[in-house]
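Here is a protein model to explore from the inside out. Keep the structure open as you read, and find each residue as it comes up.

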Amino acid sequence: MTDPTTRRTVRLTVAQALVTYLSRQHSVADGERRRLIPAALGIFGHGNVAGLGQALDQLSDELPFVQGRNEQALVHIATAYAKASTRHATLAVTASIGPGALNMVTGAGLATVNRLPVLLLPGDTYATRHQGPVLQQLQHPIEADTSVNDAFRPVSRFFDRITRPEQLLTSLPAAMRALTDVDTGAVVVSLPQDIQSHAYDYPVEFFAERDWPIRRPAVDADEVAAVARLLAEAEKPLIIAGGGVVYSGATEELEALADAAGIPVAETFGGKGAVQRRAWWQLGGIGLEGTPAVNTLAREADFVLTVGSRLTDFSTASHSIFENPDVRFASVNVNVHDAGRLGATAIVADAKRALAALAEAVRANGTTTSAAWQEKTRALHEAWWARRAAALDPDTPFDLAAEPDDSDVAGDTDAVLTQGQLIGLLQEQAQAGDTIIAAAGGPPGDLQKVWDATEGRFAHLEFGFSCMGYELPAAIGVRFANPDPAKRVLSLLGDGTFLMAPTELVTAAQEKLPLTIVIPENHGYQVIHRLQMLRNGREFGNEFRYREGGLHLAEAGGDTKPARLEGDYLKVDLVQTATGLGARAIRATTADEVRAALAETRDHAGPVVLVVPVIPHADLPGAGVWWDVAPAEVSDQESVAQLRSEYEEGLTSQRWYG
């Protein structure tokens with residue numbers, strides 16, 4: 001420690017300064033102060049072990065370290081932690097240079113698309129360049145300062161490369177501002193491996209504890225008045241609740257507005273669970289994986305108020321769902337670009353504040369919907385609820401004989417349950433405080449359609465990026481954020497996703513984290529199989545099947561046609577795989593076996609994997625909307641030509657709203 005007359009300094013390496021600084025940052029929201037970055041995760045290599053590795057070892061009491069197995073998965077853990085913490089905290093993730101760093105890019109994209117904060121600390125190639133080229137270095141022919149870490153730039157909210165130790169003094173505060181901004185995402189501080197170990201005399205005050213406010217942008221009275229007028233003029237209004245309602249903690253305000261004005265409320269994937277109170281106006285999912293009841297109301301709506309959503313094509317059915325020629329839109333969002341989607345009249349403000357102001361205006365104006373609109377909402381929802389109950393009923397055997405002649409439902413497996421019936425079993429076992437997680441394939445769509453996320457049964461659906469491999473590490477992140485073992489953290493993921501990225505089971509076992517991983521085994525990427533059948537008319541490359549006779553590439557293109565992937569289903573033992581990675585694994589086939597497995601493992605002190613065979617291609621009832629996925633415009637296959645014609649007819653339903 002030195003004490004010059006001008007200032008007090010402390011001599012630290014870049015890595016030591018970085019870790020010390022991170023350990024002293026806090027977020028403040030609604031009077032609650034908490035560690036902004038309470039831990040770091042990582043995998044060490046030559047690009048970070050001597051710098052960040054040494055600092056994390058030396059300062060492990062201040063910033064605990066979690067060892068992982070895959071860098072992308074570690075970013076997912078941090079992102080899920082941030083989501084479960086309603087963006088008030090996140091985790092740092094470090095990786096070595098080259099492939100280790102690049103493994104984090106997909107996770108960065110997921111975080112940024114979903115507006116979730118995560119701090120990434122990839123190693124980078126030498127800044128001094130005395131050694132070059134070094135192991136894993138990219139050599140660009142005309143940009144000598146380019147490294148693979150530049151791939152982070154388009155998927156980050158903030159990017160910096162530290163080439164001098166003193167750059168931390170301005171870079172780290174900028175990174176913290178980005179992590180706590182309303183328009184947050186992946187924050188990347190790229191660290192050349194030599195610079196990590198360089199020392200500098202940092203000002204002592206740089207390491208003082210600092211609070212970063214998470215702001216609630218105030219409402220503009222004129223914007224509220226404009227939306228309130230539109231609402232008063234509407235005869236068939238609809239609210240769409242997005243993830244912004246959840247992050248803002250605006251559930252009570254949303255419920256108060258819907259109750260006061262009698263407006264039905266639909267939810268996006270991110271907004272699943274935004275309404276916690278059971279009421280006639282609480283309807284569930286909208287769009288491609290929404291309910292037929294909601295989508296019928298959306299077609300008739302003459303006014304749509306969106307709260308905290310980007311309105312992706314799944315929610316709008318590729319801009320085809322709002323059929324009323326007189327429909328008008330309004331939006332509440334902290335992001336000015338998202339607030340203006342569909343030509344909406346915007347309130348650019350925090351959802352909690354904006355909804356409270358709108359509810360006050362509604363009560364002052366005496367605005368309420370007609371008895372006819374409310375009755376139609378009730379009737380449609382009750383009819384759907386009956387269909388839902390039948391589809392989820394696990395005790396009524398699936399009737400394969402009742403399927404239409406052109407059905408491709410597979411009855412040649414050992415499965416007796418459908419995926420919908422499995423979800424029904426999970427629903428009956430769910431308790432207040434439990435969280436169910438899904439991200440890619442069929443599970444998130446099915447949960448969006450049928451899961452009851454009210455009364456504290458939380459749904460954590462990542463569908464902004466729809467990233468396979470998120471679900472299992474996300475369970476770790478959610479458990480870190482919610483450590484109470486009485487509250488179950490359950491991740492529902494397909495066998496395809498599990499086979500892609502099962503290795504963080506080892507991390508869960510290492511940390512003794514109580515998680516429940518449920519795998520509906522349906523032998524393939526079946527949600528894409530379903531789309532393929534709708535757009536191509538035939539299966540190709542999505543089911544997990546053997547190739548009879550093997551593939552002989554030397555003969556490809558000759559007179560002998562190569563065998564296709566059309567043999568029997570692959571025989572893969574997911575239970576043994578999970579057991580070998582440290583989990584308690586169970587295979588359950590019948591409804592009673594699933595019930596018993598869920599009940600007896602609820603208190604298990606570690607990861608549990610429950611493998612349940614489900615009938616391939618036995619899907620939940622459709623949402624009744626169109627999606628813009630184009631079949632081939634020309635093809636020798638007759639089925640494709642017919643499907644292209646149907647697609648082009650669907651294009652006529654798309655509208656431009658402004």
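This report covers pockets, cavities, a surface patch and a few backbone details.

The model is predicted, so local features need pLDDT of at least 70 and side-chain atom pairs count only at pLDDT 80 or more, while totals for chains, interfaces and linings use all residues. Residues are numbered from 1 along each chain as its sequence is written, and side-chain values use heavy atoms, with hydrogens and water left out.

## Pockets and cavities

Some terms come first. The search runs on a 1 Å grid over the protein atoms alone. A cavity is a set of points where a 1.4 Å probe fits but cannot get out. A pocket is an open set with protein on both sides within 12 Å along at least five of seven lines. Lining residues have an atom within 4 Å of a point. Grid points are joined across faces, edges and corners, and a volume is the space filled by probe spheres set on the points. Helices (H or I, at least four residues) and strands (E, at least two) are DSSP runs, numbered from the N terminus.

| Space | Volume | Lining residues by class |
|---|---|---|
| Largest pocket | about 960 Å³ | 21 nonpolar, 15 polar, seven charged |
| Second largest pocket | about 810 Å³ | 13 nonpolar, eight polar, seven charged |
| Largest cavity | about 750 Å³ | 15 nonpolar, 18 polar, eleven charged |
| Second largest cavity | about 120 Å³ | seven nonpolar, eight polar, five charged |

In the table, Ala, Val, Leu, Ile, Met, Phe, Trp, Tyr, Cys and Pro count as nonpolar. Asp, Glu, Lys and Arg count as charged, and the others, Gly among them, as polar.

Start with the largest pocket. Its lining has 43 residues, and Glu-289, Gly-442, Val-527, Ile-528 and Arg-530 lie nearest the centre. Two or more lining residues come from each of helix H15 (419–429), helix H16 (442–450), helix H18 (495–500) and helix H20 (526–535). H20 gives the largest share, seven residues.

Move to the second largest pocket. Here 28 residues form the lining, with Glu-403, Val-409, His-617, Ala-618 and Asp-619 closest to the centre. Helix H14 (371–392) and H20 each supply at least two of the lining residues. H20 has the largest share of this lining, with five residues.

The whole structure holds ten cavities of 30 Å³ or more. What lines the largest cavity? There are 44 lining residues, and those nearest the centre are Arg-87, Gly-243, Gly-244, Tyr-247 and Gly-308. Helix H8 (243–248), helix H11 (313–316) and strand S16 (328–333) give two or more residues each. The largest share, four residues, belongs to H8.

The second largest cavity has 20 lining residues. Nearest its centre lie Lys-272, Gln-282, Gly-284, Trp-385 and Trp-451. Strand S14 (282–285), H14 and H16 each supply at least two residues of this lining.

## A patch on the surface

Leu-499, Tyr-546, Leu-570 and Val-572 form a nonpolar surface patch, with about 290 Å² of accessible area together. Such areas come from the Shrake-Rupley method with a 1.4 Å probe, and for residues only the protein chains shown count as cover. Patch residues have over 30% relative accessible area and no salt bridge. A salt bridge is a side-chain nitrogen of Lys or Arg within 4 Å of a carboxyl oxygen of Asp or Glu. Like charges are joined within 9 Å, and nonpolar side chains (Val, Leu, Ile, Met, Phe, Trp, Tyr) within 5 Å.

Leu-570 sits in the loop between H20 and helix H21 (574–580). Is Leu-570 buried or partly exposed? Leu-570 is partly exposed, because its relative accessible area is 31% and the limits are under 20% for buried and over 50% for exposed, with partly exposed in between (1.4 Å probe, protein chains only).

## Backbone details

Most residues other than glycine have a negative phi, and most peptide bonds are trans. Yet the peptide bond from Gly-132 to Pro-133 is cis, with omega near -15°. Pro-133 lies in the loop between strand S7 (118–124) and strand S8 (158–161).

Arg-115 has a positive phi of about 55°. Arg-115 is in the loop between helix H5 (105–113) and S7, and is buried at 15% relative accessibility. Ser-318 also has a positive phi, near 55°. Ser-318 is in the loop between H11 and S16, and is buried at 6% relative accessibility.

Finish with Ser-27 in strand S2 (residues 25–29). Ser-27 is buried, at 1% relative accessibility. Ser-27 and Met-176 are 149 residues apart in sequence, but 9.4 Å apart in space, C-alpha to C-alpha.
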